[in-house]
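Good morning, and thank you for coming.

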Amino acid sequence: MEKRDFAFGRMNFILLAIGMAVVVLGFILMGGDSSTNEAFNPDIFSARRIKVAPVVCFIGFVSMIYAVVHKPKDEKEEA
């Protein structure tokens, strides 16, 4: 079977998947109950929702950018 030259290597796809999982985790951390007209929910201002979750998302996006620009190491070509 002939090896094709892809733009991304296997490690790039693994890093992209990890970065996407971190971003999804950040969005899950942002979720929760909202306030209504009848009741105010003070949990909307929790540290998890306004500090931790955006930082987790940012780390995920930065890792995805790294995965795109990561150059795979050249493997020895067999003749």
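Which residues make the nonpolar surface patch of about 390 Å²? Val55, Phe58, Ile59 and Val62 make it. Patches consist of residues with over 30% relative accessible area and no salt bridge; like charges are joined within 9 Å, and nonpolar side chains (Val, Leu, Ile, Met, Phe, Trp, Tyr) within 5 Å. A salt bridge here is a side-chain nitrogen of Lys or Arg within 4 Å of a carboxyl oxygen of Asp or Glu. Areas come from the Shrake-Rupley method with a 1.4 Å probe, and for residues only the protein chains shown count as cover.

A word on the source. This is a predicted model, in which local features need pLDDT of at least 70 and side-chain atom pairs count only at pLDDT 80 or more, whereas totals for chains, interfaces and linings use all residues. Residues are numbered from 1 along each chain as its sequence is written, and side-chain values use heavy atoms, with hydrogens and water left out.

Phe58 counts as exposed because its relative accessible area is 57%, the classes being buried under 20%, exposed over 50% and partly exposed in between (1.4 Å probe, protein chains only).

Now the chain as a whole. The protein chain has two helices and zero strands; these are DSSP runs numbered from the N terminus, helices being H or I of at least four residues and strands E of at least two. Of its 79 residues, 19% are buried. The protein chain exposes about 6,900 Å², and 65% of that is supplied by carbon and sulfur atoms.

Next, the loop between helix H1 (10–30) and H2, where Ile44 is found. Ile44 is partly exposed, because its relative accessibility is 26%. Beyond its neighbours within four places in sequence, Ile44 is in contact (heavy atoms within 4.5 Å) with Asp33, Ser34, Ser35, Arg49 and Ile50. Ser34 and Ile44 are ten residues apart in sequence, with their C-alpha atoms 6.6 Å apart.

Finally, the aromatic rings. How many aromatic pairs does a search of the whole structure find? There are two, where rings of Phe, Tyr and Trp (its six-membered ring) pair if their centres lie within 6.5 Å, with planes under 30 degrees apart stacked, over 60 edge-to-face and the rest tilted. Phe8 and Phe13 form an edge-to-face pair, at 5.8 Å centre to centre and 85° between the planes. Phe40 and Phe45 form a tilted pair, at 6.2 Å and 35°.
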